[in-house]
Amino acid sequence: QVQLVESGGGLVQAGGSRRLSCAASGSIFNINAMGWYHQAPGKQRDLVATITSGGSTIYADSVKGRFTISRDNAKNTVYLQMNSLKPEDTAVYYCKADVSPYSGSGYYAYWGQGTQVTVSS
């Protein structure tokens, strides 16, 4: 089994910053892409940013220039530094990792439980 545990959510004023962390643990042989998604009430879950094991990144247009994704492969941890936060960034933020549980296995997607980020105006 693989567990993803997010932390760092909370209440922040518009214009402020917040750093999310997500640590993967359990049966892990290798992790390919890791990423962050967000879901606002009544809306679908959308991509925020992803990063490969080699460090290649993709960002949603809405967060480019404000958010930075990074990872520590030795710690199986991915981070999301969020700056210049806006009320429209308010959502539950979910971590996702594509994990190979053992040598020779395929990769499977695992999700964290989500962490709430609320940006007040």
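Colleague: Where does Asn-76 lie?
Modeller: Asn-76 is in the loop between S7 and strand S8 (77-82). Keep in mind that this is a predicted model.

Colleague: And what about the phi of Asn-76?
Modeller: Asn-76 has a positive phi of about 50°, although Asn-76 is not a glycine. Most residues other than glycine have a negative phi.

Colleague: Is Asn-76 buried, partly exposed or exposed?
Modeller: Partly exposed, because its relative accessible area is 23% and buried would need under 20%.

Colleague: Which other residue has a positive phi without being a glycine?
Modeller: Ser-84 does, with phi near 50°. Ser-84 is placed in the loop between S8 and strand S9 (91-100). At 42% relative accessibility, Ser-84 counts as partly exposed.

Colleague: How far is Ser-84 from Ala-14, in sequence and in space?
Modeller: Ala-14 and Ser-84 are 70 residues apart in sequence, and their C-alpha atoms are 7.0 Å apart in space. Ala-14 sits in the loop between strand S2 (10-13) and strand S3 (18-26).

Colleague: What does Ala-14 touch, if we skip residues up to four places away in sequence?
Modeller: Ala-14 touches Leu-85, Pro-87, Val-119, Ser-120 and Ser-121. Ala-14 itself is partly exposed, with a relative accessible area of 41%.

Colleague: Okay, where is Gly-16 found?
Modeller: Gly-16 is in the loop between S2 and S3. Apart from neighbours within four places in sequence, Gly-16 is in contact with Met-82, Asn-83, Ser-84 and Leu-85.

Colleague: Changing topic to aromatics: how many aromatic pairs does the count come to?
Modeller: The count comes to 1 aromatic pair. Tyr-37 and Trp-111 form that pair, and the arrangement is edge-to-face: 5.0 Å centre to centre, with 65° between the planes.

Colleague: Why does 65° count as edge-to-face?
Modeller: Because planes over 60 degrees apart are classed that way, and Tyr-37 and Trp-111 have 65° between their planes.

Colleague: Which parts of the chain does the pair link?
Modeller: Distant ones: Tyr-37 is in strand S4 and Trp-111 in strand S10 (residues 108-111), 74 residues apart.

Colleague: Is Tyr-37 buried or exposed?
Modeller: Tyr-37 is buried, with a relative accessible area of 17%. Trp-111, on the other hand, counts as partly exposed at 37% relative accessibility.

Colleague: Nice. On to pockets: what volume does the largest pocket have?
Modeller: The largest pocket has a volume of about 210 Å³.

Colleague: How many residues line the largest pocket, and which lie nearest its centre?
Modeller: The lining has 15 residues, and His-38, Ala-40, Lys-43, Glu-88 and Asp-89 lie nearest the centre. By type, the lining divides into 4 nonpolar, 5 polar and 6 charged residues.

Colleague: Which strands each supply at least two residues of that lining?
Modeller: Strand S4 (30-39) and strand S5 (46-51) each do.

Colleague: Let's jump to Thr-57. Which strand does Thr-57 lie in?
Modeller: Thr-57 lies in strand S6 (residues 57-59). Not counting residues up to four places away in sequence, Thr-57 touches Thr-50, Ile-51 and Ile-69. Thr-57 counts as partly exposed, at 38% relative accessibility.

Colleague: How far apart are Thr-57 and Ser-70?
Modeller: Thr-57 and Ser-70 are 13 residues apart in sequence and 8.6 Å apart in space, C-alpha to C-alpha.

Colleague: Last one from me: where does Ser-62 lie?
Modeller: Ser-62 is in the loop between S6 and strand S7 (67-72). Ser-62 is partly exposed, with a relative accessible area of 48%. From Ser-62 to Ile-28, 34 residues apart along the chain, the C-alpha separation is 32 Å.

Colleague: Great, thanks for the tour!

Terms used
Residues are numbered from 1 along each chain as its sequence is written. This is a predicted model: local features need pLDDT of at least 70, side-chain atom pairs count only at pLDDT 80 or more; totals for chains, interfaces and linings use all residues. Side-chain values use heavy atoms; hydrogens and water are left out. On a 1 Å grid over the protein atoms alone, a cavity is a set of points where a 1.4 Å probe fits but cannot get out, and a pocket is an open set with protein on both sides within 12 Å along at least five of seven lines; lining residues have an atom within 4 Å of a point. Grid points are joined across faces, edges and corners, and a volume is the space filled by probe spheres set on the points. Helices (H or I, at least four residues) and strands (E, at least two) are DSSP runs, numbered from the N terminus. Ala, Val, Leu, Ile, Met, Phe, Trp, Tyr, Cys and Pro count as nonpolar, Asp, Glu, Lys and Arg as charged, and the others, Gly among them, as polar. Buried means under 20% relative accessible area, exposed over 50%, partly exposed in between (1.4 Å probe, protein chains only). Contact means heavy atoms within 4.5 Å. Rings of Phe, Tyr and Trp (its six-membered ring) pair if their centres lie within 6.5 Å; planes under 30 degrees apart count as stacked, over 60 as edge-to-face and the rest as tilted.
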